[in-house]
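Me: I would like to go through the labels used for this protein and ask what each one rests on. Please set the values against the definitions.

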Amino acid sequence: QKHSAAETKTVALKAFSYIISEWQIPIPEAAALADMSESTWKRARRAGYTGDLTHDQLLRLSAVVGIYKALKLYFSDPIARRWITLPNDGPLFNGERPIDTMIREGLPQFLQVRTYLDALRGGA
């Protein structure tokens, strides 16, 4: 069943908002992850947001949902909740927090992080 763009946006924002609160990400970082200004993010996280999302923003939200699911499957809490904000010596991160590399490098890094976690889970 095909969802309208508006439904897709609503579901993506709701999921992203839930994940951000579970990960305890502050507003400035949440906005940067979503590639929004802080004022836009504050509006977007409320029900009934009517603004549009760019294709890039939708892909970012979708990737965060994928990362969240992969973390839940691979790690137990509290690591699953905190992994994104913990310094990481893995090859993608060089001692930085995954969230910082995602904010700086944008969508390609979101996708790399997701692939990295899927590989961990698959034992690749």
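Me: Why is Lys 72 called partly exposed?

Reply: Buried means under 20% relative accessible area, exposed means over 50%, and partly exposed lies in between (1.4 Å probe, protein chains only). Lys 72 has a relative accessible area of 35%, so Lys 72 is partly exposed. This is a predicted model, where local features need pLDDT of at least 70 and side-chain atom pairs count only at pLDDT 80 or more, while totals for chains, interfaces and linings use all residues. Residues are numbered from 1 along each chain as its sequence is written, and side-chain values use heavy atoms, with hydrogens and water left out.

Me: What makes the contact of Lys 72 and Asp 77 a salt bridge?

Reply: A salt bridge needs a side-chain nitrogen of Lys or Arg within 4 Å of a carboxyl oxygen of Asp or Glu. For Lys 72 and Asp 77 the N to O distance is 3.4 Å. Asp 77 has a relative accessible area of 40% and is therefore partly exposed. Both residues belong to a network of salt bridges that also links Glu 22 and Arg 81.

Me: Why can such side chains pair at all?

Reply: Side chains of opposite charge can pair because their charged atoms come close.

Me: How many salt bridges does the structure hold?

Reply: The structure holds eight salt bridges. One of them joins Arg 97 and Asp 100, with 2.8 Å from N to O. Asp 100, at a relative accessible area of 28%, is partly exposed.

Me: Is Arg 60 buried or exposed?

Reply: Arg 60 has a relative accessible area of 7%, so Arg 60 is buried. Arg 60 forms a salt bridge with Asp 56, and their closest N and O atoms are 2.9 Å apart. Asp 56 has 27%, so Asp 56 is partly exposed.

Me: Where do Asp 56 and Arg 60 lie?

Reply: Both lie in helix H4, four residues apart, which is about one turn of the helix. Helices (H or I, at least four residues) and strands (E, at least two) are DSSP runs, numbered from the N terminus.

Me: What is the bond between Asp 77 and Pro 78?

Reply: A cis peptide bond joins Asp 77 and Pro 78, with omega at about 5 degrees. Pro 78 sits in the loop between H4 and helix H5 (79–82).

Me: Which residues touch the most other members of the largest nonpolar core?

Reply: A nonpolar core is a set of buried Ala, Val, Leu, Ile, Met, Phe, Trp, Tyr and Cys residues joined through side-chain atoms within 4.5 Å. The largest one has 34 residues, and Leu 13, Phe 16, Trp 23, Trp 41, Ile 67, Ile 84 and Met 102 touch the most other members. The largest share of this core, eight residues, comes from H4.

Me: What is the phi of Asp 35, and where is Asp 35 found?

Reply: Phi of Asp 35 is near 60 degrees, a positive value in a residue other than glycine. Asp 35 is found in the loop between H2 and H3. Its relative accessible area of 43% makes Asp 35 partly exposed.

Me: Why does Asn 94 count as exposed?

Reply: Asn 94 has 67% relative accessibility, so Asn 94 counts as exposed. Asn 94 lies in the loop between H5 and H6, and phi of Asn 94 is near 50 degrees, a positive value in a residue other than glycine.
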